[in-house]
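The following explanation leads the reader through selected features of one structure. Please keep the sequence and the coordinates at hand while reading.

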Amino acid sequence: MQSLASIPSTLGRTATTVGVVAISTAVLSFVLNGIGASQTIVFVVSAIALAALAVLIGQGTDELGQRFGPATTGILQSALGNLPELFISIFALRAGLVVVVQTALIGSILANLLLVLGLAFLVGGLRHGTQTFHGPAVRTMATLLLLAVAALAIPTLATAPGEPDAGHEIDLSVIVSVVLLVVFAASIPFSLRGGHGASVEVDVTIDEEAWPLPLALGVLVVGAVGAALTSDLFVEALKPTMASLGLSEAFVGLVIVAIAGNAVENLVGIQAAAANKTDLATSLILNSSLQVAIALTPALVLISLVIGGGALTLVLSPLLLGAVFLAALLAAVIVFDGESTWLEGLALLGLYVIIAASVWYGPPIHA
């Protein structure tokens with residue numbers, strides 16, 4: 001077993017520095033909150049801590065990628081990367097910020113499909129030209145994402161005034177959530193073990209200087225737990241900070257909380273594409289969107305029924321439903337051929353900016 005004294009040398013200077021920054025800023029955010037410092041300062045420090053923890057998780061993921069194929073690594077890293085978002089959403093639901101949570105979940109899907117995937121394709125395309133990835137794997141994920149969008153559309157349409165399920169938003173949302181969770185559970189072994197359209201793992205060569213497996217897993221766990229704990233302070237300071245800036249509740253959820261909750265994928269997916277690791281990049285980014293759509297969102301619908309603060313439903317506004325449908329459709333069209341270019345990345349980014357602008361002028365959040 002590796003001694004504690006030898007861990008810094010094994011991690012390397014960069015990872016050690018990031019780890020120190022992550023831990024120190026996370027502890028500082030708790031100290032500042034405990035002594036009654038300005039909530040804006042707490043918000044900024046906790047955001048820095050979340051970003052540093054995201055970098056640490058990204059480095060641990062890169063080490064795991066040397067031992068497992070892109071599909072396994074993408075699923076594992078996406079699950080760990082979505083832990084902060086899970087805790088941010090739970091704390092926000094308990095605070096009664098149902099609109100923020102709902103828009104943040106949709107914003108998370110949009111941020112991954114448009115912002116992160118767009119940046120990954122843009123950076124990777126400018127560096128390496130046309131990039132290729134395993135087509136059947138991404139087509140399967142794109143298909144499941146379209147299923148998730150359809151699952152969001154049905155409760156919205158069926159509960160509209162005059163429709164058969166009007167007044168039963170919660171009941172229908174629970175039924176749809178259970179179905180999505182069953183599909184998600186079935187998708188994991190399908191992707192890992194193979195099958196027509198499933199992910200294909202590739203042979204990997206382990207670098208002699210790679211981290212030991214227990215250390216890589218330990219870094220991932222520490223980073224994810226640290227991010228989950230820091231998320232509590234982030235949400236606590238979010239409302240007064242955003243109120244002081246006069247930002248709309250929809251913009252805060254759709255853009256700010258969504259990007260903060262997906263900091264891991266924002267960094268790791270783009271880094272992977274820049275290094276021409278396109279299978280890992282697409283697996284990570286699309287898996288993250290997929291997990292939010294068919295796992296995190298339905299799970300939070302069920303969790304909201306028992307934690308208090310307001311019930312979360314799958315009934316969306318026309319704007320949110322239209323935005324997530326167009327995002328999933330555009331992303332599916334782009335990845336279906338197994339190739340990407342910088343121009344396709346720019347197209348994804350353009351749609352993201354347009355959607356973000358559409359909620360900028362909403363009513364401001366109140367402290």
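**Aromatic pairs and a helix contact**

Tryptophan 360 has a relative accessibility of 42% and therefore counts as partly exposed, in a model that is predicted. This residue belongs to one of the three aromatic pairs that a search of the whole structure finds.

A pair of aromatic rings is described by the distance of the centres and the angle of the planes. For phenylalanine 43 and phenylalanine 234, the ring centres are 5.0 Å apart and the planes stand at 25°. Planes under 30 degrees apart count as stacked, so this pair of phenylalanine 43 and phenylalanine 234 is stacked. Phenylalanine 43 is located in helix α3 (residues 39-64), whereas phenylalanine 234 is located in helix α9 (residues 213-245). The pair thus ties together parts that are 191 residues apart in sequence. Is each ring buried or exposed, and what are the values? Phenylalanine 43 is buried at 11% relative accessibility, and phenylalanine 234 is buried with a relative accessible area of 1%.

The pair that includes tryptophan 360 has another geometry: its partner is phenylalanine 251, the ring centres are 4.9 Å apart and the planes are at 90°, so the pair is edge-to-face. Phenylalanine 251 is part of helix α10 (residues 249-261), and tryptophan 360 lies in the segment after α14 (342-358). Because of these positions, the pair ties together parts that are 109 residues apart in sequence. Phenylalanine 251 counts as buried, at 11% relative accessibility, whereas tryptophan 360 is partly exposed at 42%.

Helix α9, which holds phenylalanine 234, also meets helix α5 (residues 83-94): the two axes come within 8 Å and cross at roughly 30°. Angles under 35 degrees count as roughly parallel, and α5 and α9 are therefore roughly parallel to each other. Their crossing is right-handed. On the α5 side the contact comprises Leu83, Pro84, Phe87, Ile88, Phe91 and Ala92, and on the α9 side Ala224, Ala227, Ala228, Ser231, Asp232, Phe234 and Val235. Sorted by class, the contact of α5 with α9 has eleven nonpolar residues, one polar and one charged. Phe234 is thus listed in this contact and is also a member of the stacked pair with phenylalanine 43.

Asparagine 276 has a phi near 65°, a positive value in a residue other than glycine. This asparagine 276 is placed in the loop between α11 (263-274) and α12 (278-307). With a relative accessible area of 40%, asparagine 276 is partly exposed.

How values were computed
Residues are numbered from 1 along each chain as its sequence is written. This is a predicted model: local features need pLDDT of at least 70, side-chain atom pairs count only at pLDDT 80 or more; totals for chains, interfaces and linings use all residues. Side-chain values use heavy atoms; hydrogens and water are left out. Helices (H or I, at least four residues) and strands (E, at least two) are DSSP runs, numbered from the N terminus. Buried means under 20% relative accessible area, exposed over 50%, partly exposed in between (1.4 Å probe, protein chains only). Rings of Phe, Tyr and Trp (its six-membered ring) pair if their centres lie within 6.5 Å; planes under 30 degrees apart count as stacked, over 60 as edge-to-face and the rest as tilted. Axes are lines fitted to C-alpha atoms, for helices over the stretch in contact, and angles run from 0 to 180 degrees between N-to-C directions. Angles under 35 degrees count as roughly parallel, over 145 as roughly antiparallel, 65 to 115 as roughly perpendicular and the rest as oblique. A crossing is left-handed if the near helix is turned anticlockwise from the far one by less than a right angle, and right-handed if clockwise. Contact means heavy atoms within 4.5 Å. Ala, Val, Leu, Ile, Met, Phe, Trp, Tyr, Cys and Pro count as nonpolar, Asp, Glu, Lys and Arg as charged, and the others, Gly among them, as polar.
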